[in-house]
Amino acid sequence: MHDIRFVRENPAEFDGALKRRKEPPLSATLIELDAARRRSIGEAEEAQALRNRASQEAGQARATGNLTAFEELRAEVSAAKDRISKLEREAEENSRALDDLLMTIPNLPHADVPDGSDESENLEIRRWGNPPEFDFEPLEHFRIAGAAVGLDFESGAKISGSRFVILSGALARLHRVLSQFMVDTHVTANGYTEKWTPVIVREEMMWGTGQLPKFGGESYQLTDGKWLVPTSEVSLTNIASGMIVAEGSLPFRYCAHTQCFRSEAGAAGKDTAGMLRQHQFEKVEMVSVTVPRCSDDEQRRMTRCAEGLLEELELHYRTVSLCTGDLGFGARRTFDIEVWLPGQGKFREISSVSTCGDFQARRMNARYRPADGGHPEFVHTLNGSGLAVGRTLIAILENGQRADGSVALPAALSPYLNGKLMLSPEGDLV
RNA sequence: GGAGACGUGGCCGAGUGGUUGAAGGCGCUCCCCUGCUAAGGGAGUAGGCGGGGAACCGUCUCGAGGGUUCGAAUCCCUCCGUCUCCGCCA
């Protein structure tokens with residue numbers, strides 16, 4: 001959510017930033033709504049002040065036994081009531097009209113974010129490693145013999161519908177072990193505190209992180225009104241909601257391994273083969289809460305934490321800075337990490353590290369008290385995948401595949417696999 | 001699912017109709033004292049919104065909304081949330 005005072009004082013800058021995101025200018029509308037809001041608040045408060053004064057005088061009149069004055073003042077207070085409630089209602093309506101609009105406006109892009117209309121204009125900022133070389137045509141993950149054994153799409157579809165899979169045997173273990181490896185690394189090497197979180201959240205949490213009001217269609221809502229999280233960013237970031245924390249206690253660095261649920265309403269026909277895009281998937285998420293001056297550095301740090309995992313897993317990747325047209329609703333700047341998938345011959349997103357500035361913090365009222373004793377200020381929030389577990393599994397399968405249908409697994413997983421670093425063509429760990 | 005209790009400031013915790021935006025404690029900030037990784041004394045310290053250059057003024061907020069009253073944190077209603085006990089259960 002945006003600071004209306006910023007809009008009021010910097011309308012041209014505000015509209016200019018929106019324009020970079022291909023959004024129409026809104027400052028004039030916002031300022032108009034704000035003016036109406038402030039006018040009606042002023043009128044309501046004026047009426048309230050009158051009432052308060054009369055009411056207090058009435059009390060004094062009664063106390064001193066001046067009953068004539070008391071009756072007069074009492075009538076005055078009564079008369080003011082209707083007028084006040086009308087003005088209050090008006091002020092409330094005007095405030096809500098402004099907030100309703102503000103809640104639908106995406107975050108403004110960071111100055112560093114490249115302009116562009118879609119993912120083709122994202123800016124590559126880094127590349128690590130080289131694509132593995134094969135003396136055969138590399139296959140997509142679900143066609144690799146050793147992996148296909150453990151991918152039961154038929155049962156997944158029978159039980160739950162399309163875009164659900166059952167992992168079986170060694171593949172299920174490999175998937176589980178990957179998440180352990182990721183969380184362990186974040187906890188022991190990256191300074192994150194592991195959290196075990198609910199995946200069912202109250203509706204207001206979905207507003208706080210920005211899924212609502214515009215993107216409810218991409219998530220699942222339960223019959224009691226609560227939501228299944230599309231990412232544990234929702235659970236983790238909202239830990240700070242409604243709080244005023246000491247500056248000295250920041251940054252918060254949390255990570256969690258959770259199920260994520262996405263209805264992907266708009267993704268019909270996209271990535272239908274394999275387990276790249278599922279309604280239910282696992283992700284290890286990192287969330288940081290910082291003071292404003294530290295959030296840029298924190299985003300770089302967080303990106304490095306995600307990249308480090310891929311390097312440990314010996315997976316070729318590149319990091320891109322999303323252009324304005326590809327930026328998510330709440331993000332100010334996003335670095336996507338794309339892993340090389342030999343079977344597709346493409347880089348595919350495996351992590352997305354975003355800074356939201358104070359955008360989410362305003363929505364969820366997450367603040368800190370400055371060490372110098374000043375007034376509370378909004379924190380900055382950041383989130384990043386570290387990493388998407390299913391996609392990491394895919395990457396390991398496709399990058400490690402061999403001509404006979406077996407898969408060589410990265411050495412970093414050795415402690416988790418009892419040193420068995422090969423998936424046989426029959427789908428066994430050997 | 002059944003029964004009950006509760007919801008106050010950064011935190012804990014008083015407060016059942018009238019300067020109570022709110023005692024007290026903790027925490028924090030500043031000052032004093034103290035020859036020292038201790039203790040003591042004093043002062044200050046809620047948030048939002050509106051107006052103002054500022055000092056400051058106004059207004060709202062004691063879970064939320066509504067009601068009673070000249071006046072409510074305090075009384076009434078509704079809702080939300082939390083906790084406890086019982087039941088069921090991983």
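This is a predicted model: local features need pLDDT of at least 70, side-chain atom pairs count only at pLDDT 80 or more; totals for chains, interfaces and linings use all residues.
## Basis of the model

Local features require pLDDT of at least 70 and side-chain atom pairs pLDDT 80 or more, while totals for chains, interfaces and linings use all residues. Side-chain values rest on heavy atoms, without hydrogens and water, and residues are numbered from 1 along each chain as its sequence is written.

## Ser 406

Ser 406 sits in the loop between helix H12 (389-400) and strand S17 (407-408); helices (H or I, at least four residues) and strands (E, at least two) are DSSP runs numbered from the N terminus. Because its relative accessibility is 1%, Ser 406 counts as buried (under 20% relative accessible area, 1.4 Å probe, protein chains only).

Beyond four places in sequence, Ser 406 touches residues including Gly 400, Met 422 and Pro 425, contact meaning heavy atoms within 4.5 Å.

## Asn 399

Asn 399 belongs to helix H12 and is buried, with a relative accessible area of 13%. Among the residues that Asn 399 touches, not counting those up to four places away in sequence, are Pro 132, Phe 134 and Trp 340. The side chain of Asn 399 also reaches the backbone oxygen of Trp 340 at 2.8 Å.

## Second largest pocket

Domain 1 (4-104) and domain 2 (119-423) both contribute residues to the lining of the second largest pocket, so this pocket lies between them. The domain bounds come from an automatic or database domain assignment.

The lining comprises 7 nonpolar, 4 polar and 5 charged residues; Ala, Val, Leu, Ile, Met, Phe, Trp, Tyr, Cys and Pro count as nonpolar, Asp, Glu, Lys and Arg as charged, and the others, Gly among them, as polar.

Key. Chains are lettered from A and ligands numbered from 1 in the order in which they are written. Buried means under 20% relative accessible area, exposed over 50%, partly exposed in between (1.4 Å probe, protein chains only). A polar contact is a pair of N or O atoms within 3.5 Å; within protein, one must be able to donate a hydrogen and the other to accept it, and residues adjacent in sequence count only if both atoms are side-chain atoms.
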